[in-house]
Amino acid sequence: MQYNVGIRKMPNGEDLPLPQRMSEGASGLDLHAAVDQEIVLNPGEWKLIPTGIALEMPNGLEAQVRPRSGLALKHGITMLNSPGTIDADYRGEIAVIMYNSGKEPFSVRRGDRIAQLVFQVIPAVQLTEMESLNVTSRGSGGFGHTGK
């Protein structure tokens, strides 16, 4: 199924390319940095980086902002609040909370590919309060309960 998603370039992103898939089978569309000047992320530091775009999605659709694996592997760059959720009724500029978990300063320049945008269908869910829940073999076992 195909969904129609509107996209608007913000004034700070008018000269940047629209998000796009970098290969035929890619699930994510690359987002670009809409910064006016170079931003340096020192090790252990995070900053909000604008992308210069806003979306209009139909209800029932969500956009997730996710880190780029190459930045993580090569430089230790990831995102706080990952994945970031863009709700269908949000109309503001999308921004990325970039975090440097690496050992060296990392520069973000205008037009750099900084994150990816993945769309997800959100199911309609009805919560039903219950006095007890069905028993399973896992039960309430939480973090690391099955071993390594």
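1. Glu62 touches Met57, Thr85, Ile86, Val118, Phe119, Gln120 and Ile122, leaving out residues up to four places away in sequence, where contact means heavy atoms within 4.5 Å. Glu62 belongs to strand 6, residues 61-66; strands are DSSP runs of E with at least two residues, numbered from the N terminus. This is a predicted model, in which local features need pLDDT of at least 70 and side-chain atom pairs count only at pLDDT 80 or more, while totals for chains, interfaces and linings use all residues. Residues are numbered from 1 along each chain as its sequence is written, and side-chain values use heavy atoms, with hydrogens and water left out.

2. The side chain of Glu62 does make polar contacts with the side chains of Gln64, at 3.2 Å, and of Thr85, at 3.1 Å. A polar contact is a pair of N or O atoms within 3.5 Å; within protein, one must be able to donate a hydrogen and the other to accept it, and residues adjacent in sequence count only if both atoms are side-chain atoms.

3. Four strands form an open sheet in the order 2-11-6-8, with antiparallel pairing. Strand 2 (29-32) and strand 8 (84-86) stand at the edges with a single partner strand each, so one side of each has no neighbour in the sheet. Strands 6 and 8 run antiparallel and are joined by three bridges, two strands being paired if DSSP finds at least two bridges between them, and Val65 stands opposite Gly84 in strand 8.

4. The loop between strand 7 (77-79) and strand 8 holds Pro83, which is joined to Ser82 by a cis peptide bond with omega of about 0°. Asn81 lies in the loop between strand 7 and strand 8 and has a positive phi of about 60° although it is not a glycine. Most residues other than glycine have a negative phi, and most peptide bonds are trans. Asn81 is exposed, with a relative accessible area of 57%.

5. Leu117, in strand 11 (residues 113-121), is buried, with a relative accessible area of 2%. Leaving aside neighbours within four places in sequence, the residues in contact with Leu117 include Leu29, Leu31, Ala63 and Val65.

How values were computed. Buried means under 20% relative accessible area, exposed over 50%, partly exposed in between (1.4 Å probe, protein chains only).
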